[in-house]
Amino acid sequence: MKESLPKARLGKNGEMMKRSAFTLVKLLLAIWYKGGQKRSACPPAKLQPAVAVVAPARCGFTLVELLVVIAIIGMLVGLLLPAVQQAREAARQMQCQNNARQLSLAAQNHLAIMKYFPSGGWNYRWIGEPERGSGMKQPGGWFYNILPYIEQQSLHDLGLGLTGSARQAAMTSRLETPLTMANCPSRRPAMAYPHTGSTPQTEGTYFSVESTLKLDYAACTGTDKGIANDNYDYFPSVSLGSTESAISTVNSAASRGFHGVIYGLSQTTDGEIRDGLSNTYILGEKSMNASLYTTGTDGSDNETGYGGHGNDTCRSAVYSTVKQPTQDRMGYTTARTFGSCHAGGLTMAFCDGHVTRVAYSIEPAVHWCLANRHDGGKDENGNFVNLNLE
């Protein structure tokens with residue numbers, strides 16, 4: 001028993017010495033590698049852990065090594081950032097296409113319930129009268145008309161049964177309410193933007209508003225060959241006091257002038273789309289001045305997105321000499337055509353609910369035919385057109 005105790009102590013001390021030696025070797029190797037200097041480890045027999053003093057060593061990278069690492073990291077970041085940005089833009093484009101799809105499906109649901117596509121409204125001053133239902137007698141625009149079909153019935157009904165200042169306050173609340181599917185995420189976030197256009201009206205009374213929802217998607221009114229396009233933004237011959245007969249007369253004139261599906265006082269049925277729902281645009285991204293996305297001063301983006309027929313909510317596939325969609329550019333405005341901020345092309349939705357990416361370089365004749373609900377597959381010169389977009 002007397003000899004076993006010293007042996008136990010010696011064993012413990014030996015283990016401690018071995019651990020100290022191993023730790024010291026690791027420390028020396030680390031210093032040698034990190035400092036970039038060759039160091040020779042002391043022979044194990046000469047190690048004196050109990051009394052040895054390790055001199056301070058130079059640890060860390062040399063300046064050359066640091067610069068090389070920084071250069072490598074910089075190259076990696078330079079390679080990765082474009083890929084990350086492309087991935088993010090691809091995700092935003094998918095969200096944009098999903099927005100257009102949801103809007104076109106809402107129009108399809110409107111057709112299923114009401115037996116006609118949503119109306120384009122009266123003019124841009126009218127913001128929607130909940131008491132007047134839908135169709136040609138509804139002053140509000142197409143986006144207002146599809147609110148019940150995108151789970152926004154309460155927003156559609158704001159102001160119902162109210163008069164005077166209470167009604168105007170309710171209407172203001174609707175105008176200032178942003179909706180995610182109204183905006184392309186690559187262009188601008190969903191929020192209320194400055195209202196710099198005409199004074200909106202309800203019940204025939206004008207009232208002021210500082211900010212409002214803006215649309216990045218517009219209904220397709222057709223082409224510019226119709227008689228009503230000279231009166232593109234304004235239908236002055238109708239009012240809340242107009243009879244149904246008077247409104248119907250204006251609707252008939254508009255349907256002869258506009259060859260699309262949604263336009264001022266429209267009430268288009270699926271039977272009127274003789275080219276087929278899958279071959280006819282219903283809506284798409286609208287072109288804008290890239291420097292005026294958030295200012296509200298673009299002449300085609302200064303009104304509310306809930307308003308009736310106008311540049312803000314409706315576009316033509318062909319206008320004057322502009323026969324193709326255009327990509328947004330700084331300082332450049334094409335107020336009546338389609339376009340987007342995406343590279344290469346834009347999103348267009350069709351009457352059957354499907355969406356597709358249309359190149360800015362699309363053949364003008366194809367673009368013209370897809371915008372026209374009853375051209376019979378012929379261009380403006382009477383020539384048959386292959387409508388394959390692939």
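A charge counts as sitting over a ring when NZ of Lys or CZ of Arg is within 6 Å of the ring centre and within 35 degrees of the ring normal. Keep that in mind for the opening view; everything shown here comes from a predicted model.

**View A. Two arginines sit over tyrosine rings.**
Start with Arg-188: its charged end is placed over the ring of Tyr-193, 5.2 Å from the ring centre. Then look at Arg-329, whose charged end sits over Tyr-332, with 4.1 Å to the centre of that ring.

**View B. The largest nonpolar core is built from 37 residues.**
Trp-142, Phe-143 and Tyr-306 have the most contacts inside this core. Helices H2 (63-114), H3 (142-145) and H5 (164-175) each give two or more residues to it, and so do strands S5 (217-220) and S6 (281-285). H2 gives the most, with 6 residues. There's also a second, separate core of 18 residues, which includes Ala-317, Val-318, Trp-368 and Val-385. As a rule, nonpolar side chains in soluble globular proteins tend to be buried together.

Now compare Phe-258 with Tyr-263, where the centres are 5.5 Å apart and the planes are at 15°, so the rings are stacked. Phe-258 and Tyr-263 are buried too.

**View D. Strand S5 pairs with S6 and with S7.**
S5 runs antiparallel to S6, and the two are joined over 3 bridges. With strand S7 (residues 314-315), S5 pairs in the parallel sense over 2 bridges.

**View E. His-156 is tucked into a buried spot in helix H4.**
H4 covers residues 153-156, and His-156 is found there. Its relative accessibility is 8%, and buried means under 20%, so His-156 counts as buried. Which residues is His-156 in contact with, leaving aside its neighbours within four places in sequence? They are Pro-130, Tyr-144, Leu-147, Pro-148 and Arg-174.

Note on methods
Residues are numbered from 1 along each chain as its sequence is written. This is a predicted model: local features need pLDDT of at least 70, side-chain atom pairs count only at pLDDT 80 or more; totals for chains, interfaces and linings use all residues. Side-chain values use heavy atoms; hydrogens and water are left out. A nonpolar core is a set of buried Ala, Val, Leu, Ile, Met, Phe, Trp, Tyr and Cys residues joined through side-chain atoms within 4.5 Å. Buried means under 20% relative accessible area, exposed over 50%, partly exposed in between (1.4 Å probe, protein chains only). Helices (H or I, at least four residues) and strands (E, at least two) are DSSP runs, numbered from the N terminus. Contact means heavy atoms within 4.5 Å. Rings of Phe, Tyr and Trp (its six-membered ring) pair if their centres lie within 6.5 Å; planes under 30 degrees apart count as stacked, over 60 as edge-to-face and the rest as tilted. Two strands pair if DSSP finds at least two bridges between them.
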